[in-house]
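Welcome! Here is a short briefing to read alongside the structure, taken one topic at a time.

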Amino acid sequence: MIAGPLNIGQAAALSGVSAKMVRYYESLGLLPKVARTQAGYRQYGEREVHTLRFIKHSRQLGFGMAEVAELLKLWQNRKRSSADVKRIALAHVADLDRRMREMAEMKHTLERLAQCCHGDSRPDCPILEELAD
């Protein structure tokens, strides 16, 4: 349980994100505008810290900012359909699968090129030749 209002540094530390990211998420509308002191300092509470943790966990799973925004809306909507959440998650899994295949192809190509390169003082380099094509 969080006691009293927190400044941005405290909220950042409790949520595991930087103060810069807190401001960024707020600018994107992922985090609602928070109360401010007379001096203009932001004041965060337990709800905002919880939201920041949700965003952090979503980002750790590789969700893009648009997906995070959609997931946040669903998370905050108690009348949501879990089918909507599952659809987003499965679309992300498909995207991860695609990117992993592309990265495996890149790795294979680079390994093949590195094997063809003598790696000595000669100027000939199949890696550079491939990049130039």
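In this predicted model, Phe54 counts as buried, with a relative accessibility of 19%. The cut-off for buried is under 20%, so Phe54 falls within that class at 19%. Its ring partner is Trp75, and the two form a stacked pair.

**Aromatic pairs**

- Searching the whole structure turns up two aromatic pairs.
- One of them is tilted: Tyr24 and Tyr25 sit 6.1 Å apart, centre to centre, with 45° between their planes.
- Phe54 and Trp75 make a stacked pair, because their ring centres are 4.4 Å apart and their planes meet at 15°; planes under 30 degrees apart count as stacked.

- Tyr24 is partly exposed, at a relative accessible area of 37%, whereas Tyr25 is buried, at 4%.
- Trp75 counts as partly exposed, with 25% relative accessibility, while Phe54 counts as buried at 19%.

**A patch of negative charge**

- On the surface, four residues gather in a patch of negative charge: Asp124, Glu129, Glu130 and Asp133.
- Asp124, one of these residues, lies in the loop between α5 (82–116) and α6 (126–132).
- With a relative accessibility of 52%, Asp124 counts as exposed, because the cut-off for exposed is over 50%.

Terms used: Residues numbered from 1 in each chain as written. Predicted model: local features only at pLDDT ≥ 70, side-chain atom pairs only at ≥ 80, totals over all residues. Heavy atoms only, no water. Phe/Tyr/Trp six-rings, centres within 6.5 Å; stacked < 30°, edge-to-face > 60°. Buried < 20%, exposed > 50% of the residue type's maximum accessible area, 1.4 Å probe, protein only. Patch = residues over 30% accessible without salt bridge, like charges linked within 9 Å, V, L, I, M, F, W, Y side chains within 5 Å. Areas by Shrake-Rupley, 256 points an atom, 1.4 Å probe, with all protein chains shown as cover. Salt bridge = Lys/Arg side-chain N within 4 Å of Asp/Glu carboxyl O. Lys, Arg positive; Asp, Glu negative; His and termini not counted. Charge placed at Lys NZ, Arg CZ, Asp CG, Glu CD. Helix = DSSP H or I, 4+ residues; strand = E, 2+ residues; numbered from the N terminus.
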